[in-house]
Amino acid sequence: MVYPILGFGQQLANVPQAFDAISVEPEVILINNRIKVPHRHGHFQGVQLITKNGTEKLLVQSSRSKDYVLQMDLTT
């Protein structure tokens with residue numbers, strides 16, 4: 001059985017308008033960490049910007065042999 005995780009998603013009143021507002025210029029974000037992320041022969045499948053307890057974070061979902069989600073604090 002699958003249970004949805006509520007509270008992390010974003011709700012939009014106008015989805016086409018939100019897509020039009022996305023910049024076509026890439027932004028490079030360098031991330032330092034102490035954990036080893038298995039990335040060989042895998043790829044990032046999704047990135048979402050969220051605000052949790054007033055702090056901007058990125059949720060990055062990836063896959064190789066196991067799925068995982070990385071939560072990155074953008075302020076540090």
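The lining of the second largest pocket divides into 9 nonpolar residues, 5 polar and 1 charged; here Ala, Val, Leu, Ile, Met, Phe, Trp, Tyr, Cys and Pro count as nonpolar, Asp, Glu, Lys and Arg as charged, and the others, Gly among them, as polar. The model is predicted, so local features need pLDDT of at least 70 and side-chain atom pairs pLDDT 80 or more, while totals for chains, interfaces and linings use all residues. Residues are numbered from 1 along each chain as its sequence is written, and side-chain values use heavy atoms, without hydrogens and water.

A pocket is an open set of points on a 1 Å grid over the protein atoms alone, where a 1.4 Å probe fits, with protein on both sides within 12 Å along at least five of seven lines; lining residues have an atom within 4 Å of a point. The volume of this pocket is about 390 Å³. Its lining holds 15 residues, and Leu30, Ile31, Asn32, Asn33 and Met72 are the closest to the centre. Strand β3 (residues 67-73) gives the most to this lining, with 4 residues.

The protein chain has 1 helix and 3 strands, in the order α-β-β-β from the N terminus. Helices (H or I, at least four residues) and strands (E, at least two) are DSSP runs. Of the 76 residues, 14% are buried, meaning under 20% relative accessible area with a 1.4 Å probe.

Confidence is given by pLDDT, from 0 to 100 for each residue. The chain averages 77. Helix α1 (residues 15-20) has the highest mean, 91, and strand β1 (residues 43-52) the lowest, 81.

Note on methods. Buried means under 20% relative accessible area, exposed over 50%, partly exposed in between (1.4 Å probe, protein chains only). pLDDT is the predictor's confidence in each residue, from 0 to 100. Grid points are joined across faces, edges and corners, and a volume is the space filled by probe spheres set on the points.
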